[in-house]
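Please keep the sequence and the structure in view while reading.

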Amino acid sequence: MRSRIIRIAVLIALVGIIYLYGDHQRSFPTPLEAIYHETEDKEWIAVKEVFSSSKVNNHADYFYITKSDNIVAVQLSKGLFGWRFDSFITGGLNINHKISEPINGYT
């Protein structure tokens, strides 16, 4: 019985160490470093210029313009080891596209 408890404790400790190592690898000191790291090899969402941000407690929202002039929103959260990338949202809105008709009844 005692050896079974020791095996379970070792297994739980091993899973915890693996989880913490993974969390440490995807965490960065600042939100901007997390954004640049996540988008550096993805040309379609590569950062051209960050123009707005909001930080509340351990969550941050950033808006930036991609190299193809689209607007992207990014959500980040602060974990045990630093800031990590949660998700991004692309609306397909190109800043150089001219809107000539009302959208959903609004101008």
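## Salt bridges in the model

Across the whole structure, a search identifies 4 salt bridges. The structure is a predicted model, and the contacts described below should be read with that in mind.

Asp23 pairs with Arg84 in a salt bridge whose closest N and O atoms are 2.6 Å apart. Because Asp23 belongs to helix α1 (residues 2–25) while Arg84 belongs to strand β4 (residues 83–94), the pair ties together parts that are 61 residues apart in sequence.

Both partners are classed as buried: Asp23 has a relative accessible area of 4%, and Arg84 has one of 16%.

## Asp69 and Lys48

A salt bridge also joins the side chains of Asp69 and Lys48, with an N to O distance of 2.8 Å. This pair links distant parts of the chain, 21 residues apart, with Asp69 placed in the loop between β2 (59–66) and β3 (70–78) and Lys48 in strand β1 (residues 47–56). Asp69 counts as buried, its relative accessibility being 13%, which is under the 20% limit used for that class.

## Glu38 and Lys42

Glu38 and Lys42 meet through their side chains in a salt bridge of 3.0 Å, taken from N to O. Here Glu38 counts as partly exposed at 24% relative accessibility, and Lys42 likewise counts as partly exposed at 26%.

Note on methods: Residues are numbered from 1 along each chain as its sequence is written. This is a predicted model: local features need pLDDT of at least 70, side-chain atom pairs count only at pLDDT 80 or more; totals for chains, interfaces and linings use all residues. Side-chain values use heavy atoms; hydrogens and water are left out. Helices (H or I, at least four residues) and strands (E, at least two) are DSSP runs, numbered from the N terminus. Buried means under 20% relative accessible area, exposed over 50%, partly exposed in between (1.4 Å probe, protein chains only).
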